[in-house]
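Biologist: Before I use any of these labels, I would like to see what each one rests on. Please show me the model and we can go through it term by term.

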Amino acid sequence: MSRMTGNLLKPGDEIDVVVKSAKPFGLFVESAAGVSGLVRGGSAAVGVTLRVRVVEFDAAASRFSAVPLG
């Protein structure tokens, strides 16, 4: 598995993320490269590693939105 950096994320990428916090609308997560993101519609406990597909990447803010795989 390759390690991705924030400026390489693009829609369609599948990455592993760690859940940092769970909210009613989704999960705040962080990639291995330290990029923060939001997984809409996801449900998992804090600290769990998930595989997600990137939907959008905001390079200026260095954050992404994603959907859970599976």
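Biologist: What makes Ser65 count as buried?

Modeller: Ser65 has a relative accessible area of 11%. Buried means under 20% relative accessible area, exposed means over 50%, and partly exposed is in between, with a 1.4 Å probe and protein chains only. Ser65 is therefore called buried at its 11%.

Biologist: Where is Ser65, and which residues does it touch?

Modeller: Ser65 is in strand 5; strands (E, at least two residues) and helices (H or I, at least four) are DSSP runs, numbered from the N terminus. Leaving out residues up to four places away in sequence, Ser65 touches Leu38, Arg40, Arg53, Val54, Val55 and Glu56. Contact here means heavy atoms within 4.5 Å.

Biologist: What kind of model is this, and how are residues numbered?

Modeller: It is a predicted model, where local features need pLDDT of at least 70 and side-chain atom pairs count only at pLDDT 80 or more, while totals for chains, interfaces and linings use all residues. Residues are numbered from 1 along each chain as its sequence is written, and side-chain values use heavy atoms, with hydrogens and water left out.

Biologist: Which residues have the most contacts inside the largest nonpolar core?

Modeller: They are Leu9, Ile15, Val17, Val29, Val52 and Phe64, in a core of 14 residues. Strand 1 (14-23), strand 2 (26-31), strand 4 (49-58) and strand 5 (63-68) each give two or more residues to this core. Strand 4 gives the most, with 4 residues. The term nonpolar core stands for a set of buried Ala, Val, Leu, Ile, Met, Phe, Trp, Tyr and Cys residues joined through side-chain atoms within 4.5 Å.

Biologist: Why is the pair Lys10 and Asp13 called a salt bridge?

Modeller: The term requires a side-chain nitrogen of Lys or Arg within 4 Å of a carboxyl oxygen of Asp or Glu. The closest N and O atoms of Lys10 and Asp13 are 3.1 Å apart, so the pair meets that limit. Asp13 is in the segment before strand 1 and is buried, because its relative accessible area is 10%. Lys10, at 46%, is partly exposed.

Biologist: What else does the side chain of Asp13 reach?

Modeller: The backbone nitrogen of Lys10, at 2.9 Å. A polar contact is a pair of N or O atoms within 3.5 Å; within protein, one must be able to donate a hydrogen and the other to accept it, and residues adjacent in sequence count only if both atoms are side-chain atoms.

Biologist: How many salt bridges are there in the whole structure?

Modeller: The search finds 3. One of them joins Arg53 and Glu14, with the closest N and O atoms 2.7 Å apart. This pair links distant parts of the chain, as Arg53 is in strand 4 and Glu14 in strand 1, 39 residues apart. Arg53 has 33% relative accessibility, so it counts as partly exposed, and Glu14 counts as partly exposed at 37%.

Biologist: What is the phi of Ser62?

Modeller: Ser62 has a positive phi of about 55° although it is not a glycine. Ser62 is in the loop between strand 4 and strand 5, and its 36% relative accessibility makes it partly exposed.
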